[in-house]
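This report describes the arrangement of strands and helices in one protein model and the residues around a pocket. Please consult the sequence and the structure shown below while reading.

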Amino acid sequence: MTAAPAVDAKTVAPSASVLTAEGIEKSFRRGIWPVSHRQQVLRGADLTLYPGEVVGLVGENGSGKSTMMKILVGELAADAGTVTRSGVLGYCPQQPVVYERLTCDEHIELFARAYRMTHEAERRSRRDLYEALGFERYAGTRADRLSGGTLAKLNLTLAMLADPPVLLLDEPYAGFDWDTYLKFWDLVGVRRATGRSVLIVSHFVADEHRFDRIVKLCDGRLCDGRRCEGQGAAR
């Protein structure tokens, strides 16, 4: 099988998809030789994300949600299938990837340079996200001294810093208190209103009305969440 190539479209019509995955397959080797075997996680999963929509990706533990997300952003190669992206992606992984000795401000400065943001754009985005998520008082605190909830806020901030057209979030509100959870959805609502797209991976969906669509991993494939009731999770 061939690994899934990522194809970045240069021009996309307003009604076209901003992210498309077709026929995604992925398996992993489990166990120790000589009794090891390959376990199929994704079996031809398809997903399309359109401008201005918020989509939930759900499934049982071990169903392949994070694997699918990593393939979509290019962190992991698929065994087969293709991923087409129309622009820059913002990615919030399930486990924060931070530098323990850097402060929140230093993380923002580092990522802003990587995104090639202007100083004014960085300053504005930093201010807005600190205020929206309520953790400006930790601006000078090192990452290894942050609580789990504040670390999750930093993780989300780094994904949203450059205001990417497509935002992929893997369990983004794990560790958030209720107030921050509501603030998170305010940020998502603003993105939807400006035509940006958000894909959110979650073990379960508590607030279905906040999503435009919900898709579920069922036996390694994606289907409409409402039609998946009663079907088994991917092995």
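In this predicted model, helix H3 (119–133) and helix H5 (178–193) each contribute at least two residues to the lining of the largest pocket. The greatest contribution is that of H3, which provides six residues. The volume of this pocket is about 410 Å³. Its lining comprises 17 residues, and those closest to the centre are Ser125, Asp128, Leu129, Met160 and Asp163. By residue class, the lining contains nine nonpolar, three polar and five charged residues.

The model also contains an open sheet of six strands, arranged in the order E6-E7-E8-E4-E9-E10 with mixed pairing. From one strand to the next, the twist averages 20 degrees.

In general, the strands of a sheet pair through backbone hydrogen bonds, in either a parallel or an antiparallel sense. Here, strand E7 (residues 166–170) and strand E8 (residues 197–202) form a parallel pair over five bridges. Within this pairing, Val166 has Ser197 of E8 as its bridge partner.

Two helices lie across strands of the sheet, as the table sets out.

| Helix | Strands it lies across | Angle to a strand |
|---|---|---|
| H4 (residues 148–160) | E6 and E7 | about 170 degrees to E6 |
| H5 | E4 (54–58), E7 and E8 | about 145 degrees to E8 |

Conventions: Residues numbered from 1 in each chain as written. Predicted model: local features only at pLDDT ≥ 70, side-chain atom pairs only at ≥ 80, totals over all residues. Heavy atoms only, no water. 1 Å grid on protein atoms, 1.4 Å probe; cavity = no way out; pocket = protein on both sides within 12 Å on 5 of 7 lines; lining within 4 Å. Points joined across faces, edges and corners; volume = space filled by probe spheres on them. Helix = DSSP H or I, 4+ residues; strand = E, 2+ residues; numbered from the N terminus. Nonpolar A, V, L, I, M, F, W, Y, C, P; charged D, E, K, R; others polar. Pairing = 2+ DSSP bridges. Axes fitted to C-alpha atoms, helices over the stretch in contact; angles between N-to-C directions. Contact = heavy atoms within 4.5 Å.
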